[in-house]
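These are my notebook entries on one protein chain. I set down what I looked up, entry by entry.

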Amino acid sequence: MHNKNTRRHNRRDTCRWLATALAGATLAAPMAWAQSPAANYPNRPVRLIVGFPAGTGPDIVARLLAQKMSEAWGNTAVVVDNKPGAGGLIAASEAARAPADGYTLMLGETGQLSIAPSSYNRLPYDPAKDFAAVSQVVTSNFVLLVNPLKVPARSTKEFVDWTRSQKGLFMATFGAGTPGHFGAYMFGDAIGIKPEAVHYKSTGDALGGLFSGDVQAVFASVGLAVPNVKAGKLLALGSSGATRSASLPDVPTLKEQGYAGLEFNSWFGVVAPARTPPEILAKLNADIVKAVRSPEGRQKMEDAGFAVTGTSREEFGRIIAADTVTWGKAVAATGFKAD
């Protein structure tokens, strides 16, 4: 009898234990969800690395985006960290090695993510393996700028004719391997003159070369061109877009002026270290898209000369991959290698 009672008692204990365990598992499920990496993200400052100096196109976009993201996150600081040098490679290398926790991001651009794989033999990072695409933020056309005090041309054709009478075509770039660099080669091919690309370390240095007359022209982003053109310091001869820029509506496209092959642009977008948790990447994408597509966010970007996109993660990944192929062909055509 004692053994039977003991067995019944043990069975009751076992049943109670199972019931308690099942109840605990049921309660633990929402707790596990609440403790996902994105649940309290961000709860400290987020660093947004930019590979170019203050005042450049990427810097302008990064600061506008940082302001909107900080507001969306209850004024959690988004700190723009400029790491200029080597056409953005210094910044990209640091971002690729950063902890994959969502607290270090990079505002990447075409040169770092789609051109560099073809223009460098020994790239210190792999865009396809070391980064996770978050969202393309904006696109930007380029503008062919000259100094009206040094160059007598008032149209692209006049500039081409004047260039032929000079000892060569010297064009500034904001770094070897950047879109503006290959834009200079493309322009040279279109007009039948091989350009001499003069690489400057910063935007200020490049514009200084233009003001001094050391170089004759530069392809600059619309965002950088607008203030200089509106102030009368530089003259915009043409833009590289498929259509005219809303910020410079009086500037015809190069295509309009008979240079059909001179249609190219660049883009800026946010990437994170490759192993960043998917939940954080999804939150970042949703918050970035909402911020840049908001009426105020869009207006500020457009006022600065950029066209807002705000893509999904998947679409941005496809853009990076497709442009890697497109720009790879342009790099191969020039035979250029940065190292």
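**Entry 1: the second largest cavity.** I listed the residues that line the second largest cavity and found G87, L89, E109, G111, Q112, A116, S119, Y120, A176, G177 and T178. I used this definition: on a 1 Å grid over the protein atoms alone, a cavity is a set of points where a 1.4 Å probe fits but cannot get out, and lining residues have an atom within 4 Å of a point. The volume of the second largest cavity is about 40 Å³; a volume is the space filled by probe spheres set on the grid points, which are joined across faces, edges and corners. Helix α4 (residues 110-119) contributes the most to this lining, with four residues. Sorted by class, the lining has four nonpolar, six polar and one charged residues. For the classes, Ala, Val, Leu, Ile, Met, Phe, Trp, Tyr, Cys and Pro count as nonpolar, Asp, Glu, Lys and Arg as charged, and the others, Gly among them, as polar.

**Entry 2: basis of the values.** I note that the model is predicted, that local features need pLDDT of at least 70 and side-chain atom pairs pLDDT 80 or more, and that totals for chains, interfaces and linings use all residues. Residues are numbered from 1 along each chain as its sequence is written, and side-chain values use heavy atoms, with hydrogens and water left out.

**Entry 3: the largest cavity.** I searched the whole structure and found two cavities of 30 Å³ or more. The largest cavity has a volume of about 70 Å³. Its lining consists of V46, L48, L65, A66, M69, W73, V78, L105, V270 and I288. The elements giving two or more residues to this lining are β1 and α2, and α2 gives the most, with three.

**Entry 4: the chain as a whole.** I recorded twelve helices and ten strands; helices (H or I, at least four residues) and strands (E, at least two) are DSSP runs, numbered from the N terminus. Of the 339 residues, 51% are buried, where buried means under 20% relative accessible area, exposed over 50%, and partly exposed in between (1.4 Å probe, protein chains only). Among contacts (heavy atoms within 4.5 Å) between residues at least 6 apart in sequence, 78% join residues at least 24 apart.

**Entry 5: backbone exceptions.** Most residues other than glycine have a negative phi, and most peptide bonds are trans. Which peptide bond did I find to be cis? It is the bond from Y41 to P42, with omega near -10°, and P42 is in the loop between α1 (2-34) and β1 (46-50). I then noted that N75 has a positive phi, near 70°. N75 is in the loop between α2 (57-72) and β2 (78-82), and its relative accessibility of 61% is why it counts as exposed. A86 also has a positive phi, of about 55°. A86 is in the loop between β2 and α3 (89-97), and its relative accessible area of 45% makes it partly exposed.

**Entry 6: the surroundings of F211.** I located F211 in helix α8 (residues 203-212). At 35% relative accessibility, F211 counts as partly exposed. Leaving aside neighbours within four places in sequence, F211 is in contact with N147, K150, N228, K233 and L234. F211 and K150 are 61 residues apart in sequence, yet 7.7 Å apart in space, C-alpha to C-alpha.

Notes
1 Å grid on protein atoms, 1.4 Å probe; cavity = no way out; pocket = protein on both sides within 12 Å on 5 of 7 lines; lining within 4 Å.
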